[in-house]
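Student: I would like to learn how to read a few features of a protein model. Can we go through one together?

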Amino acid sequence: MASNRRAFLTATAVGALAAAPATAPTTATAAVGPHPHPTTAPAALAELLDGNRRYATDHSRHPDESRRLRRQLAAAQHPFAVIVGCIDSRVPPELVFDQGLGDLLCIRTAGEVLDEAVLASIQYGVEELRIPLVLVLGHERCGAVAATLAHLETGAPVPGHLALLVDEISPAARRTRALPGDWAEHTMRAHTAWVRDAIRADPAFTSAHVVAARFDLDTGLVSLLP
Ligand SMILES: [Zn+2]
């Protein structure tokens, strides 16, 4: 996989993706419509967590959905965070973090697994759009984790393309199998942290701050993982 990644992510290939390259931020916030964007990783994380608190307490502002902003964004985008999350319909990042158009670059796969398309998309956000923060978002009662655990418990074959999910999540499941408590929760946490660490260790992403977090389906709250 690594050699494929290197071959694909040449400077030329990444550069060609950038229809509207971002300019380097020089101020604490970049004025993009009515919702100033944070330009540092700590400020971006604070904005996400503030928005999540609004969402969880039913105080969402639903920012950045106006026709005026849509027209402004037509020329260029400057999202302030990359979210690597699950496809789960209950965890849409723009809603969970109370953000809108042009705010987040969201990459979603079942079980927030990594592959070359995901890594290339993160690199586009970090290098071309100069996004300072990558947040990996796992969540409780994840179907991809449940499918992985079911496969490990029964040994039943995994149909078709789902094998990729099981292959990617199984190491976390095996590492946590002996722990007391909720195996699915342990697996989700270990897998999400592993994805974070893999992104952190990749030299393509050294300019970004990378964190992992857990979304609670019951409370709507996002909490950072250690
Ligand atoms: Zn999920």
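Predicted model: local features only at pLDDT ≥ 70, side-chain atom pairs only at ≥ 80, totals over all residues.

Student: Which residues are the protein donors of the zinc ion?

Tutor: Donors are N, O and S atoms within 2.8 Å of the metal, and water is not among the atoms, so sites may look incomplete. Here the zinc ion has Cys86 (SG), His139 (NE2) and Cys142 (SG) as its protein donors, at 2.1 to 2.3 Å. Their spacing in sequence is C-x52-H-x2-C. Cys86, in the loop between strand S3 and helix H5, and His139, in strand S5, are 53 residues apart and link distant parts of the chain. Both Cys86 and His139 are buried.

Student: What span should H3 have at 1.5 Å a residue?

Tutor: The expected span is 1.5 Å times one less than the number of residues. For the 16 residues of H3 that gives 22 Å, and the end C-alpha atoms are 22 Å apart, which agrees. Buried residues in H3 include Ala41, Leu45 and Leu49. Just after H3, Asp58 has a positive phi of about 65 degrees.

Student: Is Pro63 buried or exposed?

Tutor: Buried means under 20% relative accessible area. Pro63 has 14% relative accessibility, so Pro63 counts as buried. Pro63 sits in the loop between helix H3 and helix H4.

Student: Leaving aside neighbours within four places in sequence, which residues is Pro63 in contact with?

Tutor: They are His35, Asp98, Gln99, Gly100 and Leu101. Pro63 and Leu101 are 38 residues apart along the chain, with 8.1 Å between their C-alpha atoms.

Definitions and conventions
Residues numbered from 1 in each chain as written. Heavy atoms only, no water. Donors = N, O, S within 2.8 Å, 3.2 Å for Na, K, Ca; no water. Helix = DSSP H or I, 4+ residues; strand = E, 2+ residues; numbered from the N terminus. Buried < 20%, exposed > 50% of the residue type's maximum accessible area, 1.4 Å probe, protein only. Contact = heavy atoms within 4.5 Å.
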